[in-house]
Amino acid sequence: QVQVVESGGGLVQPGGSLRLSCAFSGNIFITWRMGWYHQAPGKQRELVASITNDGTTNYADSVKGRFTISRTNAKNTVYLQMNSLKPEDTAVYYCNTYPPSDTWGQGTQVTVSS
């Protein structure tokens, strides 16, 4: 059974930065592609960024050049560095495999507001 715990969210002003962390454990293989997703109020959950086990990354157009995904396989941890945050980045952020498994963590709230 896969377990994920996201952390690092908070309230930040536009233009600010946050670093999210995702610790995963259980029956999960480090060869899996991992992703960060977000879900804004009233909208569907969508993929923000993903990373393969060898470090190949992909980003949604809305975050390219601002967000950076990384992973530390030895620690079973995935990170999302978010810079130049915008109000439209406000959402709950989740970590999961890509494609996503049925197991989702509680997520971490990111609010970008002045």
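**Close-up 1. Trp104 and its surroundings in a predicted model.** Trp104 is partly exposed, with 28% relative accessible area. Trp104 pairs with Tyr94: the ring centres lie 5.8 Å apart with the planes at 85°, which makes the pair edge-to-face. Tyr94 belongs to strand β9, while Trp104 is in the loop between β9 and β10, and the two are ten residues apart.

**Close-up 2. Tyr37 meets Trp104.** The predicted model has two aromatic pairs. One of them joins Tyr37 and Trp104 edge-to-face, with 5.1 Å from centre to centre and 80° between the planes. Because Tyr37 is in strand β4 (residues 34–39) and Trp104 in the loop between β9 (91–97) and β10 (108–112), this contact ties together parts 67 residues apart in sequence. Tyr37 itself is buried, at a relative accessible area of 5%.

**Close-up 3. The ring cluster.** Which residues do the ring pairs link into a cluster? They are Tyr37, Tyr94 and Trp104. Is Tyr94 buried or exposed? With a relative accessible area of 10%, Tyr94 falls under the 20% limit and is therefore buried.

**Close-up 4. Arginines over tyrosine rings.** Tyr94 has another neighbour to look for: Arg45 lies over the face of its ring, 4.0 Å from the ring centre. Elsewhere in your viewer, find Tyr79, where the charged end of Arg19 sits over the ring at 4.0 Å from the centre.

Terms used
Residues numbered from 1 in each chain as written. Predicted model: local features only at pLDDT ≥ 70, side-chain atom pairs only at ≥ 80, totals over all residues. Heavy atoms only, no water. Phe/Tyr/Trp six-rings, centres within 6.5 Å; stacked < 30°, edge-to-face > 60°. Helix = DSSP H or I, 4+ residues; strand = E, 2+ residues; numbered from the N terminus. Buried < 20%, exposed > 50% of the residue type's maximum accessible area, 1.4 Å probe, protein only. Lys NZ or Arg CZ within 6 Å of the ring centre and 35° of its normal.
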